[in-house]
Amino acid sequence: MDAVLKISRGGGKRDIRQKVWDYIEAENLANFPRPVHNRIPNFKGAHGACAKVSQLEVFGRTKEVKVDPDKPLEAARLVILQAGKTLLVPTPRLRTGLFNKIVPPQGASKADLHVCSTSQGVKEYSVPIGLDAKVEVDLVVVGSVAVSPKGYRIGKGEGYADMEYAMMVAMGAVKPSTTVVTVVHDCQVVDISEELIESHDLTVDYILTPTRVIKTDCTLSKPQGIIWAKLDADMLDKIPILKKLRELERKSGKDVSLKKSPEEGETGGGSRNHLTSDPSQQTEKARVTERGAAGQTPVTTIYLGNIPAGVRVSELKCALRERDAVPLRLSWQGAQRRAFLDYADRAEAGRALAALRNLALNGRSVNPELARSQSMIFGV
């Protein structure tokens with residue numbers, strides 16, 4: 001069966017996500033919540049696709065199953081509970097741990113199990129599982145934005161499914177025989193270049209759609225553990241359980257060196273230059289002057305304004321990494337809801353501007369622009 005969506009070669013993960021999201025919206029293929037952008041789409045037909053998980057040969061010998069909390073996987077969680085298997089779900093945002101175990105009430109009815117499979121049930125009927133608990137996950141069910149028939153998967157861009165699997169490897173909770181399944185709409189099955197798949201990306205063994213069960217025979221390895229060199233201190237602050245896992249792996253003799261973050265500076269409220277009402281010109285003029293006075297090599301700066309309240313610098317850094325737009329220096333001014341990104345030269349800044357087009361944080365557009373003083377220097 002040919003792919004519904006044709007993906008042009010050379011497009012990145014972000015382009016593929018956008019194309020899938022746009023198509024699902026345009027064709028009205030999703031249920032609540034809408035729009036599907038920046039989500040794992042809750043596609044129409046998800047219930048039937050999820051039911052196919054019980055048809056897999058591995059299902060009969062499965063005891064413990066980890067299923068992501070995404071809305072389209074609700075029916076998969078119900079199938080697991082109805083079969084009397086142990087259902088594990090990720091701890092929300094991995095803030096306090098890795099797993100929660102769903103514990104239905106004594107003598108649970110079908111209606112009770114249905115509640116347990118929902119987001120409400122995940123909150124009300126789950127108990128945390130410690131890192132020292134003996135967990136052996138036989139089957140993992142994840143959501144996807146796009147997936148290829150070869151098993152190459154693209155999520156919504158936050159990396160949680162990849163990180164969760166790597167953490168399970170570190171805990172000894174999965175083994176090479178663990179089967180990974182994703183559930184998607186037929187239109188989400190697209191051609192994805194192997195070049196886009198990195199060592200930390202989770203691949204899948206089966207794809208379940210409303211019309212098909214696809215065995216991928218994927219030849220790429222799944223994550224072999226946590227790649228500490230790809231993480232920085234901000235990520236450890238964002239996911240505290242990583243600190244515990246890092247210490248355990250350090251004691252076992254593994255190299256747990258972190259990636260060095262771009263140099264980051266933060267300024268307070270300070271006095272404001274009232275000669276101009278343009279914040280991209282105010283602070284940036286002073287910063288360029290300071291660099292020149294210090295004899296530093298000139299850089300080209302991008303201004304990000306209109307950053308939503310509540311966004312953390314770590315979230316911006318994740319977005320920059322996802323779009324391959326990591327700067328030499330990031331100056332975060334959260335109180336003023338803005339940031340400055342320094343790049344080596346104008347060409348690098350231009351590439352970053354293109355990559356950051358349509359950037360959204362917490363669902364709100366953040367429009368990058370060349371800092372005003374840079375615009376004047378370069379005559380643009």
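## Cysteines

The structure holds 0 disulfides (pairs of cysteine sulfur atoms within 2.5 Å). Cys50 is buried, at 0% relative accessibility. Cys218 is buried as well, with a relative accessible area of 19%. Buried means under 20% relative accessible area, exposed means over 50%, and partly exposed lies in between (1.4 Å probe, protein chains only).

## The model

This is a predicted model: local features need pLDDT of at least 70, side-chain atom pairs count only at pLDDT 80 or more, and totals for chains, interfaces and linings use all residues. Residues are numbered from 1 along each chain as its sequence is written, and side-chain values use heavy atoms, with hydrogens and water left out.

## Overall build

The protein has 13 helices and 17 strands. These are DSSP runs, numbered from the N terminus: helices are H or I with at least four residues, strands are E with at least two. Of the 380 residues, 50% count as buried.

Contact means heavy atoms within 4.5 Å. Take the contacts between residues at least 6 apart in sequence: 68% of them join residues at least 24 apart.

## Helices H7 and H9

Helix H7 covers residues 160-171, and helix H9 covers residues 241-251. They pack at an angle of about 35 degrees, with their axes 11 Å apart. Axes are lines fitted to C-alpha atoms, for helices over the stretch in contact, and angles run from 0 to 180 degrees between N-to-C directions. The crossing is left-handed: the near helix is turned anticlockwise from the far one by less than a right angle.

From H7 come Met163, Met167, Ala170 and Met171. They meet Ile241, Leu242, Leu245 and Glu249 in H9. The residues of this contact divide into 7 nonpolar, no polar and 1 charged.

## Ala170

Ala170 sits in helix H7. It is partly exposed, with a relative accessible area of 29%. Beyond its neighbours within four places in sequence, Ala170 is in contact with Ile226, Leu245 and Glu249. Its C-alpha atom is separated by 9.9 Å from that of Leu131, 39 residues apart along the chain.

## Asp201

Asp201 is found in the loop between strand S8 (179-183) and strand S9 (206-208). Is Asp201 buried or exposed? It is buried, with a relative accessible area of 4%.

The side chain of Asp201 makes polar contacts with the side chains of Lys13 (2.9 Å) and His200 (3.4 Å). A polar contact is a pair of N or O atoms within 3.5 Å; within protein, one must be able to donate a hydrogen and the other to accept it, and residues adjacent in sequence count only if both atoms are side-chain atoms. Leaving aside neighbours within four places in sequence, Asp201 is in contact with Lys13, Asp162, Leu196 and Pro223.

Key
Ala, Val, Leu, Ile, Met, Phe, Trp, Tyr, Cys and Pro count as nonpolar, Asp, Glu, Lys and Arg as charged, and the others, Gly among them, as polar.
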